[in-house]
Every structure is written in C-alpha cells, then in structure tokens.
Amino acid sequence: MSEEKIAVLDLAPAHEDFQEQVVAGLSQTPRMLPSKFFYDEIGSALFLKICELPEYYVTRTEMSILRARGPEIARTLGRGIELIGLGTGAGTKTRLLLDHLDAPVAYLPVDISREQLAQSTSAFSREFPSLQILPVCADYLEPFDLPTPLRTPTEKVVYFPGSTIGNLEPQEAQAFLEKITTMAETDGRLLIGVDLKKEKAILEHAYDDEAGVTAKFNLNLLARANRELKAGFDLARWHHHAFYNDAAGRIEMHLVSEAKQAARVGEQNFAFERGEHIITEFSYKYSPSEFIAMADSAGMRFEKLWTDDSQWFGLFLFAVKDRA
C-alpha cells in the first residue's frame, strides 16, 4: 500500500504559533518554553540518539518488557480487541504488541505527525494485512473523535506507550486519564507506560548524559527559535541543567543563562540575568501505588503491572470501573 493511498483522518489543529507561545512562555514567571516544541526535525533526530544512550534506560527497558512479557500481555488483553494507540509514533513498541495479539479487529493510531502516521500505516498494512488500520492525525491531549471499525471488537484497549504521562502535571495527568475512560468506554481498558521512581543518580544521568546529547536536545529549543523566529539567543551563553526534584517527584530540565544578556523574539526584547533559568520540561516519576491511586481517582480499576527485574519501568493495565 503506497502512502499516497492511505486515508488519514486529519483532525490536527491548525499550525501552532511558535512565536506566540515562545513570547508567552518567556513573559511568565518562572520563564518556561513548551516541551512539545523540542521535536522539530533536528530535535527528533537528537531524541532518537538519546534513546540509544547507555544512560537513557527508558526506551530499552520498556522494549525489554514488551519482548519478555508480550505473549502474557496479549493473552490478558484477549481476542478480538480494538487497539487505540496514543502517540505511538513509528509504532516500534506497538508492533511488538500486535505480533502477539489474537485476531485484533482494528488498530487506531493517533499521532500529531501526519507523515509518520502515513509511513507507519503503510508498513503495518504490509505486516498485518488482515488488520484494519484507521490512522487519526490529532493532538491526543485535546478532544477528538475516533472512526468506527468495520467489525465490532470484544472491547476497546487504549495503549499509551512511553512515559509521556509523566510530562503532565499530576492534576493534568489525572484529567487526561479521565478522558481515556470515555475513549475506552465502559467495557474498555488502558495499557500505559510509566517511568517509576528510582535512585536519584540513575534519573539524573538519564537526563544529563556524558556525551552531551541531551544538552544539545535542550539547547535546540533556542536554536529553533533562532532559525524560525530570527531570535537572538547566543547559544554559547546558555547551558543545560537537569536534576531530580525529590519533593515534587520529577526530573526538571532547565536552560541557564551564563551571563547577563538579552534576546529579541519578534517585537519583544527579553533580558536575562546571569544564572536565570528557563524551564523546558518536567518529567514526573511515580511509585506503583501512587500511579494506581491516581488512576483510581480517574475512574479506573487496577488489573495488572508488568515491570523489569529492576522495577525501573512499568506497563500498567487498568479497566474502566463501570466495566462489567
């Protein structure tokens, strides 16, 4: 199947105003830049390199769980399900799951990247020719409608791989889980990846690698502003800083000004003091009991947890509480 022939349900929002959001973020206290803007072409390539770093355990640990426990996960999900994938990207993790699922009736990948959806759908159509694939281009954090498969599933399973739930503030994460209960409906379930709490040193090394790739990834936000907005950030005067905030239970990524300086974005000039921070990302880590309690408050009942031997990462399975 050629990518040109793939019908992607395009519900993506209009092109976001990068300049408007940069100006708004730098105008607030504390200053912040939205982490969603990390992933331009250069940022996406850098993130792929991050996933291969020895310090960055997240991706390889999740993949190891899927490889080792895939058959058991598939048996637990059951036969004839509809799989709804949120932010599944190229679908590498989803492929491991689909390889073991028993006669799924449909796969509905939801992602903001239309090009990536078309590419992954084309590949999946060749690998799983009997599977109906209904790609949806949308921001899954915003309301959107899903297409209806030709065949009726035994149940809907929402699959949210990675650890993206950790990028949301806890109250936002709970609200998002509540939205998923509506998406999965009363007979549905959620399979979600969560990065678990662990030693501070392990966490901090994962976000501040020896090779400096994560630093380049973080600084690319300012470089992107220079490229696209003709901003005046002097990258040599900024450095990457990542640390684990014990009290909040999260990794924080910052850009720190090394001198008193200024940068212009559009018509607005921003002055920065030496040592001033711009927050670029929070990544919350949860204990199993903390995340189960959050999901419970969102209307979900805990069913199963699959984790690695070190218990660094977890794949949680929940059912909507009204499920019979």
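## Thr181

Thr181 is buried, at 16% relative accessible area; buried here means under 20%, with exposed over 50% and partly exposed in between, using a 1.4 Å probe and protein chains only. The residue sits in helix α6, which runs over residues 170–184.

Leaving aside residues up to four places away in sequence, Thr181 touches Ala298, Gly299, Met300 and Val320, where a contact means heavy atoms within 4.5 Å. Phe318 is 137 residues away from Thr181 in sequence, yet their C-alpha atoms are 9.8 Å apart.

## What you're looking at

This is a predicted model, so local features need pLDDT of at least 70 and side-chain atom pairs pLDDT 80 or more, while totals for chains, interfaces and linings use all residues. Numbering starts from 1 along each chain as its sequence is written, and side-chain values use heavy atoms, with hydrogens and water left out.

## The whole chain

The chain has 9 helices and 14 strands, counted as DSSP runs from the N terminus (helices are H or I, at least four residues; strands are E, at least two). Its C-alpha atoms fill a box of roughly 60 × 45 × 35 Å along the principal axes. Of the 324 residues, 52% count as buried.

As for contacts between residues at least 6 apart in sequence, 71% join residues at least 24 apart.

## Charges

There are 34 positive and 48 negative side chains, and the centres of the two sets lie 2 Å apart. Lys and Arg count as positive and Asp and Glu as negative, without His or the chain ends; each charge is placed at NZ of Lys, CZ of Arg, CG of Asp or CD of Glu.
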